[in-house]
Amino acid sequence: MRINTFRNLLLITTFLVIGNFGFASSDKESGDDAEFDPKEMILHHVKDAYGMHLFDWDGHPISIPLPVITYTDNGFTVFSSSEFHHDYSGEVIVEKNGQKFANVHEKVYVLNEGETEVTYDAEHHPTNAKRPIDISITRNVFMMMVSVVVLLLIFLSASRRYKNSKDNVPSGIASFVEPLVLFVRDEIGRPMIGEEKYKKYMPYLLTIFFFIWINNIFGLIPILNGANLSGNIAFTFTLAVLTFIITNVSGNKNYWKHIFWMPGVPVPMKIFLMPIEIIGVFVKPISLMIRLFANITAGHVIILALMSLIFVFKTIAIAPVSVGFALFITVIEIIVTAIQAYIFTILSALYFGMATEEAHH
Amino acid sequence: MDLITPEFGLVFWTLIMFMILLFILRKFAWKPILGAVSEREEGIKKALTAADEARREMENLQADNERILNEARAERESMLKDARDMKAKMIADAKEEAQVQANKMIEQAQAAIESEKKAAMTELKNHVAGLSMEIAEKIVGAELSTDKKQLELVDEMLKETTLN
C-alpha cells in the first residue's frame, strides 16, 4: 500500500495547488482570452458530461453527441446533447416537449414555468430551475455500454472456444482469458470464501473484477478524454451497494451473532462492540466505494495537473517535465487499474466469506 | 461536493448495465468457462489416477512375472537335481547289481573250483591210494617174504599202539 500513501500525498498536494489556482482565477469568466483555470479544466474532465468531447479542430470542439433523457411531470423528453452546442454554462436554452432545458456545468436543468433564462444565487446554483429525473446517456454511460459490449465480445467468444474444442483445451482468446478467470477463482474466490461456498459467488466476483478493470483501462485511454467512469462516485456507489446487499443477504446466523452479540467476550464488551460492529457493516462498503473512486480520480487528477503546468507557466520549457511525469504516473496508473479491480473484488469476496463463515468454537 | 455526490442517472445505468452483464456472462461465459476448466481438471485428476493405477498394475504384473520366472527356475533346478539324483542312483544301483552279480559268479566259480579241487583231490587220493596199495603190495610182498620180518613188523605195530 506504499503506492497508495504516496498517491494520497500527491493527491492532497495537487488539490491544494489546484485550489490555489482556482481561487486565483475564480473571478474570471472562461473564454478565449481568459486566464487558464486548471481546477475547472480538471474537474470538467473528471466529471461526467452529456457529450463525448474528442478534440478541438480549428477552434471548434468535435464531439460525439449523446442522447439526453429526462423525466418530468410531462413525461420523458429525449433530445441530442448537440443541441446545447457544447455549452455548459446554462446560456443555451433548449425547448422540448413544452419545457426549457439548460446545461449548467454538465447538469441538465428544467426552467420553471415562464422563465426564459437561468438565474443564479451567490454560490452559482440555479434559482429558477429544477433538476429533472435525468437518465441521459452521458459519456460515462456511453463508455460503460462500450465496455459491456467489449466484455461480452471477449468472454462470449472465449466461452465459444471451449464449446468448440472437444477436450476443453483453451485456444485463441480463451487461452488469454483463462489465466485471469482462474486467478479470480484460485486467488480471490477460493481462499476468501472457502472451498464449499465459493462457487455461488464466482459469477459476481468475475463480473465485477472484469467490469471494474476494463473501465479503469478505458479511463486511461486519452482519446476517450478520460471518461472517468470507475472514478465516478455513482459507479463505485452502485457496485459497493451490490456487494453490501449480497453480503448481508447471505449473512448467516454466525455472522449476525458476531455483529449483535459478539461471542467469547464479557457482556459489557458485547454491548460496547455492538455499535462498532453495526457501523462496520456500513463502513465496509463505503470504504470500497471511496477507495475505488479516490484512487482512479486521483490518477486522472495528477495526470491532468501535470499537463496543466504547461499552461500555468505559459512556457513550453516545462513540457518535457510534465510529459515525463505524466508518463510515469500513467504507467503506475496502468498497474493501478488492475490493482484496484483486484482489491475491490478480493474485499467483496472477503466480506462474503465473513458473512458465510460457519462458527468454529 | 459535486464530485462526491452520486448522480441518479449513472447509478441507474450502472445498475442496469451491470445486471445485464452479470446475467449474460453468468449464463453464457462463466458457467461454460468454469465448467470446462473444472471438467478438464477433473479429467486430469482422473487421468492421473488411471495412470497411477496402470503403473501399480504393471508393477503387480511384473512381480507376477518375476514370481513365475522364479518358480520356473526353481522347478527346472529341482528337475535337474532329480535327474542328476536318478542318474547317480541308477549308476549306483547298476554298480551294486554288478557287484552282487560278480560276487555271485566269483562265489560260484570258487565253489566250482573247490568242488573241482575236492574231486581232483579225491581222485588224486584214490589214485595215490591205489598207487600206494600197489607199491605197498609190492613192498609188503617183498618184506613179508619171510616169517621173521612179519613178526618184527607185528611187534613194531604193537609198540606204536601202546605208545598211543
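The domain assignment divides chain A into domain 1 (67–136) and domain 2 (140–356), with bounds that come from an automatic or database domain assignment. The C-alpha centres of these two domains of chain A are 34 Å apart. Please keep in mind that this is a predicted model, in which local features need pLDDT of at least 70, side-chain atom pairs count only at pLDDT 80 or more, and totals for chains, interfaces and linings use all residues. Residues are numbered from 1 along each chain as its sequence is written, while chains are lettered from A and ligands numbered from 1 in the order in which they are written.

**The sheet**

Helices (H or I, at least four residues) and strands (E, at least two) are DSSP runs, numbered from the N terminus. In chain A, four strands make an open sheet in the order β5-β6-β7-β8, with antiparallel pairing. The edges are taken by β5 and β8 (129–130) of chain A, each with a single partner strand, so one side of each has no neighbour in the sheet. Two strands count as paired if DSSP finds at least two bridges between them.

Strand β5 (residues 89–96) of chain A pairs with β6 (residues 99–104) of chain A in the antiparallel sense over five bridges, and Ser89(A) stands opposite Val104(A) in β6(A). β5(A) and β6(A) form a hairpin with two residues between them. In that turn, Asn97(A) has a positive phi of about 55 degrees.

**Helix packing**

Two packed helices are described by the angle between their axes and the distance between the axes. Here the axes are lines fitted to C-alpha atoms, for helices over the stretch in contact, and angles run from 0 to 180 degrees between N-to-C directions.

| Helix pair | Angle | Axis distance |
|---|---|---|
| α5(A) and α9(A) | about 160 degrees | 9 Å |
| α2(A) and α8(A) | roughly 145 degrees | within 9 Å |
| α8(A) and α9(A) | roughly 170 degrees | within 9 Å |

α5(A) and α9(A) are therefore roughly antiparallel (an angle over 145 degrees). α5(A) passes α9(A) in a right-handed crossing, meaning that the near helix is turned clockwise from the far one by less than a right angle. Residues of α5(A), including Phe209(A) and Trp213(A), meet residues of α9(A), among them Phe344(A) and Phe352(A); contact here means that C-beta atoms, placed from the backbone, lie within 7 Å. The residues of this contact divide into 14 nonpolar, six polar and one charged. In this scheme Ala, Val, Leu, Ile, Met, Phe, Trp, Tyr, Cys and Pro are nonpolar, Asp, Glu, Lys and Arg are charged, and the others, Gly among them, are polar.

α2(A) also passes α8(A) in a right-handed crossing. Among the residues that meet are Pro38(A) and Met41(A) in α2(A) and Val301(A) and Leu304(A) in α8(A). By class, the contact of α2(A) with α8(A) has eight nonpolar, four polar and no charged residues.

**The contact with chain B**

Chain A brings 39 residues to the contact and chain B brings 32. On the side of chain A that touches chain B, α2 (38–46), β9 (133–134), α3 (139–164), α4 (173–193), α5 (198–220) and α6 (233–249) each supply at least two residues. α3(A) gives the most, with 13 residues. This side of chain A comprises 25 nonpolar, eight polar and six charged residues.

Methods: Two residues are in contact if their C-beta atoms, placed from the backbone, lie within 7 Å. Angles under 35 degrees count as roughly parallel, over 145 as roughly antiparallel, 65 to 115 as roughly perpendicular and the rest as oblique.
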